[in-house]
Amino acid sequence: SSQVRGQDTGAPAFARTLRPPWATMSRRTKRPARDCVNAALNVAYMLLLSDVLRAVVACGLDPASGVLHSSGRNKPALALDLMEELRAPIADSAVAWAINNGELRETDFRHDLDAVRLTPRGRKALITAYERRATTELTHPQYGYRVTWRRAMEVQARMFLALVLAETNEYRPIELR
């Protein structure tokens, strides 16, 4: 099979965190998603992008002025840049939790021709898992105070703004141990 089980050594690292037999992926596919895991990741990444985009705009930054991602027509390159450090601890974590704890089930996906999509029940379950993760608190590694992941998005955007305004000479992403 071209799909790999979570425990197989050839699987993407994320796939190895998933326990149910149906939760397989051979590689990352975006549009269209070719399997259930990619369909869930696509939705979680859009939720994360939406949150990071709000944080960027709240800080008065131009979402299209990215550093890592090229700006294209209607492409929020800066939000995509700032989103990179948050994918694993927020979006990937929410998807893995929802799948491994049975909040997302194989029946929460539908197969349309060559694409896989979440059903309305599956979207609701994933949004619930994402919201739970986004509102989880962490100690901000640079400042040492407690914030939710959603608040950390704005803190990171403000740190980037300080760099742009030359109030600091470095930007420090959130790094997890």
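**Strand pairing and helix packing in a predicted model**

Val 116 of strand S2 is the bridge partner of His 111. Strand S1 (residues 109-112) and strand S2 (residues 115-118) run antiparallel and are joined by four bridges; two strands are taken to pair if DSSP finds at least two bridges between them. Helices (H or I, at least four residues) and strands (E, at least two) are DSSP runs, numbered from the N terminus. S1 and S2 form a hairpin with two residues between them, and Leu 113 in the turn has a positive phi of about 55 degrees.

The model is predicted, so local features need pLDDT of at least 70 and side-chain atom pairs count only at pLDDT 80 or more, while totals for chains, interfaces and linings use all residues. Residues are numbered from 1 along each chain as its sequence is written, and side-chain values use heavy atoms, with hydrogens and water left out. The pLDDT, the predictor's confidence in each residue from 0 to 100, averages 88 over the protein, and 89% of the residues score at least 70. Among the elements, helix H2 (residues 77-83) has the lowest mean pLDDT (91) and H4 the highest (98). Over residues 1-10 the pLDDT is below 50, and this stretch has 23 contacts in the model beyond near neighbours in sequence; a contact means heavy atoms within 4.5 Å. Where pLDDT is low, the predicted coordinates should not be read in detail.

Two helix pairs were examined. The axes of helix H3 (residues 87-100) and helix H4 (residues 120-134) come within 9 Å and cross at roughly 130 degrees. Axes are lines fitted to C-alpha atoms, for helices over the stretch in contact, and angles run from 0 to 180 degrees between N-to-C directions. H3 and H4 are therefore oblique to each other (angles under 35 degrees count as roughly parallel, over 145 as roughly antiparallel, 65 to 115 as roughly perpendicular and the rest as oblique). The contact involves residues of H3 including Pro 89, Ile 90 and Trp 97, and residues of H4 including Leu 126 and Tyr 130. By class, the residues of this contact of H3 with H4 are nine nonpolar, one polar and two charged (Ala, Val, Leu, Ile, Met, Phe, Trp, Tyr, Cys and Pro count as nonpolar, Asp, Glu, Lys and Arg as charged, and the others, Gly among them, as polar).

For helix H1 (residues 36-58) and helix H5 (residues 149-164), the axes come within 8 Å and cross at roughly 45 degrees, which makes H1 oblique to H5. Among the residues that meet are Leu 48 and Asp 51 in H1 and Arg 150 and Met 153 in H5. The contact of H1 with H5 has seven nonpolar, no polar and four charged residues.
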